[in-house]
Amino acid sequence: MKLTQGCFSFLPDLTDDQITKQVQYCLANGWAVNIEFTDDPHPRNTYWEMWGLPMFDLQDAAGVMMELAECRRVYGDRYVRISGFDSSHGWESVRISFLVNRPPQEAEFELVRQEVGGRAIRYSTVRKPAAHASQ
Amino acid sequence: MNAHAGTVRGKERYRSGTMEYARMGYWEPDYVPKDTDVIALFRVTPQEGVDPIEASAAVAGESSTATWTVVWTDRLTAAEKYRAKCYRVDPVPGTPGSYFAYIAYDLDLFEPGSIANLSASIIGNVFGFKPLKALRLEDMRFPVAYVKTFQGPATGIVVERERLDKFGRPLLGATVKPKLGLSGRNYGRVVYEALKGGLDFTKDDENINSQPFMHWRDRFLYCMEAVNRAQAASGEVKGTYLNITAGTMEDMYERAELAKELGSCIVMIDLVIGYTAIQSMAKWARRNDMILHLHRAGHSTYTRQKSHGVSFRVIAKWMRLAGVDHIHAGTVVGKLEGDPNTTRGYYDVCREDFNPTRLEHGLFFDQSWASLNKMMPVASGGIHAGQMHQLLDLLGEDVVLQFGGGTIGHPMGIAAGAIANRVALEAMILARNEGRDYVHEGPEILARAAETCTPLKAALEVWKDVSFNYESTDTPDFVPTALETV
């Protein structure tokens with residue numbers, strides 16, 4: 001399964017050159033850039049691990065790209081995303097988020113159904129064990 | 001034309017009989033509206049021979065304290081405070097016989113937090129008043145003190161995005177088609193294919209409620225199976241707007257509760273359920289972590305013609321106060337009415353915390369929203385992937401783009417239609433953020449993206465000649481003019 005979270009998951013994976021331009025876009029908007037990684041990309045997992053603090057006050061995307069290279073070196077087998085955070089009033093939230101690294105074998109989810117009253121079903125999205133996940 | 005008042009005061013004012021509205025205190029050209037006043041702007045078209053000032057004063061009178069004759073019981077009240085005051089009347093540019101009347105209402109005239117009371121006051125009686133040929137409520141200004149008596153959008157754009165984990169691009173939706181006749185099982189198939197393909201949302205149409213071909217429980221059960229399967233297949237949060245519109249509030253609450261029990265993140269209502277029902281569902285949505293989608297069913301009966309009715313910008317303001325999260329606000333390029341500048345005004349009402357006066361967008365007043373949540377505008381009706389650059393340019397990124405026919409009518413199937421839309425969107429966002437002139441290079445950007453995406457290639461081919469170029473009826477009365485340099 002190709003995980004399609006983030007802003008650009010339906011395009012071919014971004015090159016570093018393309019990532020640099022998106023980071024520059026964030027900086028031009030005055031957003032803090034954050035690098036996060038996880039081995040649990042469940043759609044409800046809000047809190048990926050932070051690669052250091054969000055990068056405030058940067059001018060040049062090169063600084064982010066250096067951190068990204070380092071993060072990938074350590075956690076290249078995980079999902080890594082970059083997000084831009086806008087602290088201005090009325091937003092104070094993420095304004096863009098996109099994947100910049102995928103593990104060699106992507107996560108797979110399956111649906112677990114618990115039949116409850118009437119015809120209703122309670123659904124859980126759960127991770128398939130890696131051994132059973134397709135290549 | 002805004003000269004003297006001529007208000008009669010004291011004992012003479014209350015002599016039994018009739019008196020011109022303009023002399024009863026409803027025309028006060030020297031009045032300066034208070035920060036706490038509600039202000040309404042009407043387009044007044046008096047009958048032949050009726051003085052525009054008197055007609056406008058009558059609107060102020062009939063939408064506040066006046067009746068057709070003088071009543072002594074006014075003297076038991078602080079009548080001058082309760083009288084709405086028309087303080088300015090201007091001819092409408094380029095429209096002889098029509099006038100813009102500015103009317104101020106004291107805050108005490110309105111029940112806090114009630115659109116029903118507000119609308120009963122402002123549009124309750126006066127639209128049928130005989131001396132007027134036509135009347136239109138163009139815009140309103142609400143004081144912060146009044147805005148703060150409303151809940152506002154149950155979720156708002158920011159929290160909706162956080163819950164969905166979707167940032168930096170418009171959301172994508174589709175209305176299930178055909179809108180009538182599908183069984184629950186077939187309906188759920190369309191939902192599954194569209195969401196699995198790459199849309200964020202699918203949507204019931206306004207008149208999908210509970211009919212012989214598909215009762216509501218069936219629809220909800222099959223749709224939620226589809227949503228959850230698509231979520232597991234993509235690793236993304238998905239949703240479908242389950243329309244809970246019904247004949248009674250009790251039925252609506254019952255439907256809303258099942259939607260919640262099944263784990264839906266969003267429910268939908270139609271404008272025709274009425275303002276009080278809308279406010280009730282907004283409170284329910286806030287209590288139950290539910291996004292509330294509003295379809296503006298019926299609005300064109302009173303918003304479309306410029307001479308008579310209520311402008312949609314007023315409806316949009318009322319709905320932001322009432323507390324819905326999504327509102328259909330036009331596409332400009334699609335099949336339904338929508339002048340670009342007027343539509344821009346609606347979108348600003350939905351999404352900004354402060355609207356400055358912008359006559360060219362139909363906004364006549366500064367309006368502060370006092371940190372009320374933002375509403376997500378929804379663009380729906382006759383749009384397709386080939387227009388992506390125009391849509392992004394005209395509507396921005398905080399919008400739901402609904403491609404119903406543009407998804408389901410795709411020659412390679414529904415999922416392929418969804419892929420085409422998502423790829424077109426992401427390619428356009430990428431290009432915009434890179435600083436490219438995406439509006440002009442749009443067709444080229446799409447063609448390039450289609451090189452590695454067959455579904456997009458097919459979509460661009462099949463709908464390449466589709467556009468809806470008709471004159472808009474609801475256009476702004478003011479155009480910006482270049483300032484002369486002295």
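B:Asp165 is found in the loop between α5 and β5 of chain B; helices (H or I, at least four residues) and strands (E, at least two) are DSSP runs, numbered from the N terminus. The model is a predicted one, in which local features need pLDDT of at least 70 and side-chain atom pairs count only at pLDDT 80 or more, while totals for chains, interfaces and linings use all residues. Residues are numbered from 1 along each chain as its sequence is written, and chains are lettered from A and ligands numbered from 1 in the order in which they are written.

Although B:Asp165 is not a glycine, its phi is positive, about 60°. Most residues other than glycine have a negative phi, and most peptide bonds are trans. B:Asp165 is partly exposed, with 16 other C-beta atoms within 10 Å; a residue is buried if 20 or more other C-beta atoms lie within 10 Å of its own, exposed if 12 or fewer, and partly exposed in between, with C-beta atoms placed from the backbone.

In chain A, A:Asp57 also is not a glycine and has a positive phi of about 60°. A:Asp57 sits in the loop between β2 (49-50) and α2 (61-75) of chain A and is exposed, having 7 other C-beta atoms within 10 Å.

Back in chain B, the peptide bond between B:Lys177 and B:Pro178 is cis, with omega about -5°. B:Pro178 belongs to the loop between β5 (171-175) and α6 (184-197) of chain B.

As for the chain contact, 32 residues of chain B are in contact with 30 residues of chain A, contact meaning that the C-beta atoms of two residues, placed from the backbone, lie within 7 Å. On the side of chain B that touches chain A, two or more residues each come from α5 (156-164), α7 (216-234) and α15 (414-433) of chain B.
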